[in-house]
Amino acid sequence: MYQYDTIDKDMLADRSAEFRGQVARRLSGELNEDQFKPLRLRNGLYLQLHAYMLRIAIPYGSLNPTQLRKLAFIGRTYDKGYGHFTTRTNLQFHWIKLSDAPDILDHLAEVDMHAIQTSGNCIRNVTADPYAGATAEEIDDPRVWAEAIRQWSTVHPEFSWLPRKFKIAVTAAPKDRTAAKTHDIGLNLKRARDGSLGFEVMVGGGLGRLPHIAPTIREFLPAARLFSYLEAILRTYNRHGRRDNIHKARIKILVAALGREEFARQVEAEWEKIGSGSDLPDTELARIRGAFRPMSFETLPAQSEIFEEAKAAKPAFARFVRNNVKPHKAPGYGIVEVSLKAIGETPGDATADQMEVIADLAERFGQNDIRVTHEQNLVLPHVKLSDVPVVWEALAAVGLATPNMNLVSDIIACPGLDYCALANARAISVAQHIAEKFADPDRAERVGELKVKISGCINACGHHHVGHIGILGVDKKGEEFYQLTLGGSGAEDAAVGQALGPALPYDRVADAVDTLVEVYLRERNDGERFLDTFRRTGVAPFKEAVYAVAD
Amino acid sequence: MKALTANRLTDGEVVFWQAGKWVESFGDADLFPDDDPAGEAAEAHGKNQPTVVVEPYLIDLVESQGLWAPVSYRERIRALGPTNLNHGKQTAGGAVVAALQHAHGGARSKGRVDLIKRK
């Protein structure tokens, strides 16, 4: 894991002291709310329905046990004993007092964490494949590049006041676990035939009011030229992005308006002017790469007797392995997914006690490594198969062993109207009702991969556009209604979902999902996921079934 | 009927206007008949307290179980706490909380709509 140097640490200390002064001036009345709001947002502090919310950056979703314990401490001391992991792989505390915020930032700085650039029209937290360094699929470790982007983009003077917020994802595997094509920039590491490393550069993806899947503007960018190219993209956007209209200010609108070819042409022209002066020096890349040296894995047989015996003896463990343990590049190891989607609980929430258990497990069995996924779960990326039974028991004891990864109850949900000042409708309780419908794990496994994603408003923090089943909360004359979309995907086969029909009232949503699943089970061919069946049949059979019931 | 609400500056707590001060429970809030200028006077007073509260606005109320409840579900969630966990103001219990929990439907409060338009 990358370790902060003295420059990083001094910067955080300065920022924290600066914010303490700003809060004091706000409380004394020296600053009014209009003056203070942009300052607190620069430090990730929002005013929501019931309290302030502090959004803490978790760069490329990577945490060590000390950091996770600190988050648990903050949750217990300053919040109501829990935190909420988000689709940007950040952590939000929803019950923060303004007067406590400076102390919290000091606590975070002690463990090299902060809330800088988790809000505002700047480059936000960079996300990467949560399996980085653990999966055999990857071409290179995307964290190296994500960390370099983090350093480059942090308080970058030219890109601190963009037309709108800006999100970058880095992946290096054919299976996309970052939703790269829904980002302002998605970077997919590739190797050329000659073995050289480069990026496929996708620009102009995004969800929100006007969803777009990012087109590729360059098939292969030599890796050494990444930063001059990023600068060219950002500079083109900074100059031509629609600052006059907040709904049209994201880069996706610019790319769509100019067209992929013209946008690419302008970027390349800018890139030529910039030259290679802004590229990362090899020595600096090597320094960063050094922080992500491959772990020293023990030489183990591919199969573990303890692991196999536990599977044979305990069906519940076998189910956990089927759904939550993924292949690791080192023989005898596994990637363990920790579900934050226990049936009936809030998607993405973890209590302080749970965070401490995960920190302990990472320390004892997981090489001090913890990841956050954009699907609001956690990952222990390096666990010996022989240790998985013990890890499973420890997770199960605190409600963290739900065997539902990628199944229908593994739902993304934004905080929605229960917490968020922007929301039109609740998302969490809709997720809870749906998960309860599929509480029977046999049925959930029969249904197979099914990604349900729920947003409480059109801003789409819950990624509803790219859900196999997407659910969007809307306000219809003051009442909660929900628009369903089908056939979206945020993965390598990215697509925006198609509307099912008129919005449904709150109490009909979970039943409608149940109906959609029944139609799928009836219609599916062998081996088809929900998404595959939908793509083959189209919306008609699903629509007919839901509205026959709803009417 | 209307009530005046805001978030308290220091901690973001949802507060309501009661006889010249801000209180945490909706059940303690002053109620203003729709045509009573006292509501707007209280709102003006609240806006002059920028070191005490953020964005005070009037909310519309409807009758529920013989008591008054905010007409919009957004305001009911603010008055009660989130619905996913029982750890907001609803933990206090009592008749007013029950009335809020049983209120149905409604529309947005005009004060809130005005606030959104201003933004």
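At what angle do helix α1 (residues 6–28) of chain A and helix α4 (residues 101–110) of chain A pack? This is a predicted model, in which local features need pLDDT of at least 70 and side-chain atom pairs count only at pLDDT 80 or more, while totals for chains, interfaces and linings use all residues. Residues are numbered from 1 along each chain as its sequence is written, and chains are lettered from A and ligands numbered from 1 in the order in which they are written.

The angle between the two helices is about 175°, and their axes lie 9 Å apart; axes here are lines fitted to C-alpha atoms, for helices over the stretch in contact, and angles run from 0 to 180 degrees between N-to-C directions. Helices are DSSP runs (H or I, at least four residues) numbered from the N terminus. α1(A) and α4(A) are therefore roughly antiparallel to each other, a term for angles over 145 degrees. Among the residues that meet are A:Leu12, A:Ser16 and A:Phe19 in α1(A), and A:Pro102 and A:Leu105 in α4(A), where contact requires C-beta atoms, placed from the backbone, within 7 Å. The residues of this contact divide into 8 nonpolar, 1 polar and 2 charged; Ala, Val, Leu, Ile, Met, Phe, Trp, Tyr, Cys and Pro count as nonpolar, Asp, Glu, Lys and Arg as charged, and the others, Gly among them, as polar.

Within α1(A), the buried residues include A:Leu12, A:Gln22 and A:Arg26, where buried denotes 20 or more other C-beta atoms within 10 Å of a residue's own. The buried residues of this helix pack against α2 (33–41) and α4 of chain A. α1(A) is followed by A:Gly29, whose phi is positive, near 95°.

The contact between the chains takes 26 residues from chain B and 25 residues from chain A. On the side of chain B that touches chain A, the largest share, 4 residues, comes from helix α2 (residues 73–80) of chain B.

A:Val430 lies in helix α14 (residues 428–437) of chain A, and A:Val430 counts as buried because 26 C-beta neighbours lie inside 10 Å.

Note on methods. Angles under 35 degrees count as roughly parallel, over 145 as roughly antiparallel, 65 to 115 as roughly perpendicular and the rest as oblique. Two residues are in contact if their C-beta atoms, placed from the backbone, lie within 7 Å. A residue is buried if 20 or more other C-beta atoms lie within 10 Å of its own, exposed if 12 or fewer, and partly exposed in between; C-beta atoms are placed from the backbone.
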